[in-house]
Amino acid sequence: MNNPEQVIAVTIMDRTYQIKCPPSGATELQESARYLDAEMRKINQASASNNTERLAIVAALNIAHELKTYKNQKNAYIDAMHEQIKTLQHRIQKFLGTKEEVVV
């Protein structure tokens, strides 16, 4: 059964936008809009710029950088965990005296 989309009103920099989204994503959409609004207002205060398009671009770049940083940290964590798992597998194999490779 398809989830019908609904229209959600979000307000960013005192302007309201109507955005379609599935009902299951409404809360996340509202939270994202509040986050974007806060970021744009922070940039607006620091730069005293009233150009909404410029504020949106700078906020988008900042948020994209933040996302990229988190993704890199997550990937580094996954790589480190994978190496630890491989090390533990080798130690277990050595302890058990087997030569078989365990695949994860």
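Begin by selecting helix α1: the elements that cover its buried residues include β1 (6–12), β2 (15–21) and α2 (52–96). Helices (H or I, at least four residues) and strands (E, at least two) are DSSP runs, numbered from the N terminus. Covering is judged by contact, meaning heavy atoms within 4.5 Å. The model is a predicted one, in which local features need pLDDT of at least 70 and side-chain atom pairs count only at pLDDT 80 or more, while totals for chains, interfaces and linings use all residues. Residues are numbered from 1 along each chain as its sequence is written, and side-chain values use heavy atoms, with hydrogens and water left out.

**Helix α1**

Remain on residues 26–47, the 22 residues of α1. From first C-alpha to last, α1 reaches 31 Å, close to the expected 32 Å; the expected span is 1.5 Å times one less than the number of residues. Next, colour Ala26, Ala33, Asp37, Glu39, Met40, Ile43 and Asn44, which are buried. Buried means under 20% relative accessible area, exposed over 50%, and partly exposed in between (1.4 Å probe, protein chains only). Then select alanine 48, which follows α1 and has a positive phi, near 55°.

**Strand β2**

Move to lysine 20, which is located in strand β2. Lysine 20 counts as exposed because its relative accessibility is 61%. Show also Glu5, Gln6 and Val7, the residues in contact with lysine 20 once its neighbours within four places in sequence are left aside. Valine 7 is 13 residues from lysine 20 in sequence, yet their C-alpha atoms are 4.4 Å apart.

**Helix α2**

Select asparagine 51, which caps the N-terminal end of α2, with a side-chain oxygen 3.1 Å from the backbone nitrogen of glutamate 53. Now follow α2 itself: its 45 residues should span 66 Å at 1.5 Å a residue, and its end C-alpha atoms are 65 Å apart, which agrees. Leu55, Ala59, Gln89 and Gln93 are buried in α2, and α1 is included in what covers the buried residues of this helix. Just after α2, glycine 97 takes a positive phi of about 75°.

**Where the helices meet**

Finally, display α1 and α2 together; they pack at an angle of about 115°, with their axes 9 Å apart. Axes are lines fitted to C-alpha atoms, for helices over the stretch in contact, and angles run from 0 to 180 degrees between N-to-C directions. Among the residues making this contact are Tyr35, Leu36 and Ser47 of α1 and Thr52, Arg54 and Glu66 of α2.

Technical notes. A polar contact is a pair of N or O atoms within 3.5 Å; within protein, one must be able to donate a hydrogen and the other to accept it, and residues adjacent in sequence count only if both atoms are side-chain atoms.
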